[in-house]
Amino acid sequence: MQVHRTASHERSPLSEAAQPDPPVTLMCDKKHIPFISNSPEDTLAIARELGGALRPGDVVGLTGDLGAGKTLFCKGVGEALGIPPDRIVSPTFTIVTEHAGPVPLTHIDVYRLSGAREADEIGMRELLSGDGVCLVEWAEKIAELLPTDCIQVKFIISGDDRREIAVATPDLPRFDDFRARSIRFQPGG
Ligand code: ADP
Ligand code: MG
């Protein structure tokens with residue numbers, strides 16, 4: 001994203017008018033997988049399946065209203081990585097929790113940060129480029145800091161116990177396996 005901004009500064013207004021913006025080439029091709037969850041247990045099961053496909057260095061950005069199921073989803077991912085679910089919580093003032101495990105898990109909740117600038121000041125870039133798996137709740141608040149190949153999980157509350165969960169993953173075989181394993185939660189699956 002930074003590269004893109006620098007380039008646009010270098011263009012004169014005249015050449016900008018003559019040449020339309022180049023297509024955004026930094027975006028990573030993603031596959032979008034829709035899920036319907038009818039219970040907290042469904043959400044945990046989807047999350048465990050995704051957790052099984054994750055590799056060190058992956059960043060997962062979770063978005064959705066309060067109570068949508070982001071923290072519950074993080075518990076499921078953590079379980080797949082060998083971290084007991086009761087360790088993954090949403091304490092009032094903790095922004096970053098690091099969980100040691102076979103694959104280290106960094107659980108970040110940026111709800112209380114004002115935005116990307118404040119996140120940058122507290123070292124978010126380093127956290128996001130760590131060796132383990134990184135989960136970010138309220139990811140939209142720091143969108144410009146997220147890697148282009150991050151996995152996106154978007155929640156919509158569509159009933160007391162019903163959630164629409166849209167997962168976008170890089171187009172890689174390990175995520176095809178995830179899609180196949182979680183087919184029972186996909187519409188028509
Ligand atoms: P968030 O982190 O998005 O604020 P939480 O995961 O902390 O949300 O809480 C989700 C709440 O919604 C929990 O109390 C959970 O039991 C409830 N819930 C009900 N149905 C579902 C569902 N299908 N998926 C996830 N959570 C659900
Ligand atoms: Mg939460």
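A salt bridge here is a side-chain nitrogen of Lys or Arg within 4 Å of a carboxyl oxygen of Asp or Glu. I kept that in mind while going through this predicted model.

**Entry: Glu164 and Arg162**
I began with this pair. Glu164 and Arg162 form a salt bridge, with 3.3 Å between the closest N and O atoms. I then looked up accessibility: Glu164 comes out at 32% and Arg162 at 31%. Both are partly exposed, because that class runs between 20% and 50% relative accessible area.

**Entry: the whole structure**
Next I wanted the total. How many salt bridges does a search of the whole structure find? The search gives 9.

**Entry: Lys31 and Asp176**
I picked out Lys31 and Asp176, whose side chains meet in a salt bridge at 3.6 Å, N to O. Here the bridge links distant parts of the chain: Lys31 belongs to strand β1 (residues 30-37) and Asp176 to helix α7 (residues 173-181), 145 residues apart. Lys31 is partly exposed at 26% relative accessible area, and Asp176 is partly exposed too, at 28%. I also noted that these two belong to a network of salt bridges that links Lys31, Asp171, Asp176 and Arg179.

**Entry: Glu79 and Arg48**
My last stop was the salt bridge between Glu79 and Arg48, where the closest N and O atoms are 3.3 Å apart. Glu79 sits in helix α4 (residues 70-80) and Arg48 in helix α3 (residues 40-53), so this pair ties together parts 31 residues apart in sequence. For accessibility I wrote down 31% for Glu79, partly exposed, and 28% for Arg48, likewise partly exposed.

Note on methods
Residues are numbered from 1 along each chain as its sequence is written. Chains are lettered from A and ligands numbered from 1 in the order in which they are written. This is a predicted model: local features need pLDDT of at least 70, side-chain atom pairs count only at pLDDT 80 or more; totals for chains, interfaces and linings use all residues. Side-chain values use heavy atoms; hydrogens and water are left out. Helices (H or I, at least four residues) and strands (E, at least two) are DSSP runs, numbered from the N terminus. Buried means under 20% relative accessible area, exposed over 50%, partly exposed in between (1.4 Å probe, protein chains only).
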